[in-house]
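Subject: Structure handover

Hello,

Here is the structure I promised to pass on. My notes follow below it.

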Amino acid sequence: LEHQLPVFSLCVYAEDSAPRMRVVKYRCKIEIGDVSIHPGDLVFGDQEGVLIIPREIEKDVAPQALEKARGEKSVRSLIEKGMASTDAFKTYGIL
């Protein structure tokens with residue numbers, strides 16, 4: 001946080017538990033709530049949440065996400081130059 005880097009941790013554990021821990025399974029499907037995560041899925045996380053992109057739709061989703069990010073960056077630039085956010089949304093449909 002101090003360096004404003006988007007870092008997400010792989011694991012947190014109490015140091016003294018390490019000798020008593022053992023891996024039971026890996027590269028397997030896991031479920032968190034109603035979400036299933038499979039080996040090979042993309043996982044993005046930050047302090048606001050976690051996003052899972054299933055491997056089978058990665059090639060469709062990634063270009064769309066990059067296009068949206070480019071659009072948001074352009075709109076942000078216009079807002080920083082004085083355009084009202086409501087006008088930006090009406091014109092470009094994104095914020």
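Start with R76. It counts as exposed, at 51% relative accessibility; the cut-offs are under 20% relative accessible area for buried, over 50% for exposed and partly exposed in between, using a 1.4 Å probe and protein chains only. R76 forms a salt bridge with E80, with 3.7 Å between the closest N and O atoms. A salt bridge here means a side-chain nitrogen of Lys or Arg within 4 Å of a carboxyl oxygen of Asp or Glu. E80 is exposed too, at 61% relative accessibility. Both R76 and E80 lie in helix α1, four residues apart, about one turn of the helix.

A word on the basis. This is a predicted model, in which local features need pLDDT of at least 70 and side-chain atom pairs count only at pLDDT 80 or more, while totals for chains, interfaces and linings use all residues. Residues are numbered from 1 along each chain as its sequence is written, and side-chain values use heavy atoms, with hydrogens and water left out.

**Overall layout**

The protein chain has two helices and four strands. From the N terminus, the order is β-β-β-β-α-α. These elements are DSSP runs, numbered from the N terminus: helices are H or I with at least four residues, strands are E with at least two. Of the 95 residues, 8% count as buried. The accessible surface comes to about 8,900 Å², and carbon and sulfur atoms hold 56% of that. Areas come from the Shrake-Rupley method with a 1.4 Å probe; for residues, only the protein chains shown count as cover. Take the contacts between residues at least 6 apart in sequence: 10% of them join residues at least 24 apart. Contact means heavy atoms within 4.5 Å.

**Helix α1**

Helix α1 covers residues 58–80, 23 residues in total. Its first and last C-alpha atoms are 32 Å apart, close to the 33 Å expected at 1.5 Å a residue. The expected span is 1.5 Å times one less than the number of residues. G82 follows α1 and has a positive phi, near 120°.

**Salt bridges**

The total is three salt bridges. R76 to E80 is one of them. In another, E72 pairs with K68, and the closest N and O atoms are 3.2 Å apart. E72 and K68 also both sit in α1, four residues apart, about one turn of the helix. E72 is partly exposed at 29% relative accessibility, and K68 is partly exposed at 40%. E31 bridges to K29, with closest N and O atoms 3.0 Å apart. E31 is exposed, with a relative accessible area of 53%. K29 is partly exposed at 44%.

L95 lies in the segment after α2 (85–92). Which residues does L95 contact, leaving aside neighbours within four places in sequence? They are E72, V75, I79, S85 and F89. L95 and K73 are 22 residues apart in sequence, with 8.7 Å from C-alpha to C-alpha. L95 is exposed, at 54% relative accessible area.

I79, F89 and L95 make up a nonpolar patch on the surface, with about 280 Å² of accessible area together. Patch residues have over 30% relative accessible area and no salt bridge; like charges are joined within 9 Å, nonpolar side chains (Val, Leu, Ile, Met, Phe, Trp, Tyr) within 5 Å. I79 belongs to helix α1 and is partly exposed, at 31% relative accessible area.

Best wishes
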